[in-house]
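Please examine the structure shown below.

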Amino acid sequence: MEHSSKITIRNLTKVFYKKNESVTALTDISLDIADGEFVCLLGPSGCGKTTLLRILADLEKPSTGEFTIHQSDKGKPLQSMVFQERGVIPWQTVEENVAFGLKMRHLPKKIIKEKTDYYLEKVGLKKYAGLYPKELSGGMKQRVSIARAFANDPEILLMDEPFAALDEQNKFILQEELLNIWEETKKTVLFITHSIDEALLLGDKVLLMSSQPGRILKEKTIDLPRPRKIEDVRSDPQMAEQFVDIWQHLQTEVQNSRRAKEQKG
Ligand SMILES: Nc1ncnc2c1ncn2[C@@H]1O[C@H](COP(=O)(O)OP(=O)(O)OP(=O)(O)O)[C@@H](O)[C@H]1O
């Protein structure tokens with residue numbers, strides 16, 4: 001498979017201004033993410049992970065620098081986002097939620113139905129298609145968000161801690177379901193997480209960020225063969241080494257972040 005660059009980011013900086021104060025959320029981020037790559041972003045709280053995703057989603061403008069999402073097909077949306085929560089439309093059924101992006105693009109009804117059914121099946125929600133979000137568990141709601149994101153068939157997927165609010169067993173199940181769909185579609189994914197295990201399970205690459213202002217400090221390649229399972233991450237000695245290395249790095253950055261906050265006030 002050809003691994004040309006799908007996302008290019010050059011010298012990107014983001015400063016937020018509030019009254020007389022300014023917060024530098026990101027500083028000098030340069031990155032190349034290959035087509036079809038699954039990249040996880042790990043870093044201390046407040047280091048700018050969400051800000052970077054929001055910039056790529058066109059929800060924020062960078063202060064300086066630039067980025068490009070290389071488009072393969074003009075008919076496709078550039079990106080779809082999956083959040084920790086707030087991802088589903090409460091007054092629409094499961095099926096309508098999954099079909100939402102496709103309807104917005106005015107695709108033929110038959111194609112909308114086919115794609116929606118396909119991804120509902122993939123995430124095990126076919127028989128719940130007529131339910132409303134208030135009737136669903138947290139795990140089911142996240143399945144709806146994931147099905148909608150993939151059904152949209154975007155150029156890239158941006159995921160902001162989609163499983164953070166789930167209990168551990170549900171998290172493992174959804175991680176595996178996500179990997180199954182990803183292996184099939186080979187979408188380029190940028191995935192924020194606070195969990196080292198999750199990053200090792202999902203990512204081809206893990207980007208480690210500094211404390212605020214966020215910079216990319218290290219890129220780690222995760223060589224664990226696919227398909228992967230959480231048991232593989234837990235039992236592989238190389239993954240154990242990766243875990244310790246990432247944890248030591250994060251510990252330093254979390255301490256830096258805490259010290260900076262204490263000095264501030
Ligand atoms: N709209 C905004 N206005 C002002 N400051 C902001 C805004 N959005 C984010 N920030 C600040 O930018 C910094 C980075 O925030 P961001 O949410 O991107 O971090 P994060 O790494 O995603 O954090 P967490 O892991 O806790 O979710 C923080 O100091 C935050 O307070």
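Which element gives the most to the shell around the ligand? Helix 1 does, with 3 residues. The model is a predicted one, in which local features need pLDDT of at least 70 and side-chain atom pairs count only at pLDDT 80 or more, while totals for chains, interfaces and linings use all residues. Residues are numbered from 1 along each chain as its sequence is written.

Around the ligand there are 13 residues, of which Phe16, Ala25, Ser45, Thr50 and Thr51 come nearest; a residue is near when its C-beta atom, placed from the backbone, lies within 6 Å. Two or more residues are given to this shell by strand 1 (5-18), strand 2 (21-34) and helix 1 (49-56). Helices (H or I, at least four residues) and strands (E, at least two) are DSSP runs, numbered from the N terminus.

Attention now turns to a pair of helices. The axes of helix 2 (residues 94-104) and helix 4 (residues 138-151) come within 8 Å and cross at roughly 25°; axes are lines fitted to C-alpha atoms, for helices over the stretch in contact, and angles run from 0 to 180 degrees between N-to-C directions. Helix 2 is therefore roughly parallel to helix 4, a term for angles under 35 degrees. On the side of helix 2, the contact is made by Val94, Asn97, Val98, Phe100, Gly101 and Leu102, and on that of helix 4 by Val144, Ala147, Arg148 and Ala151. Residues are in contact if their C-beta atoms, placed from the backbone, lie within 7 Å.

Conventions:
Parallel < 35°, antiparallel > 145°, perpendicular 65-115°, else oblique. Contact = placed C-beta atoms within 7 Å.
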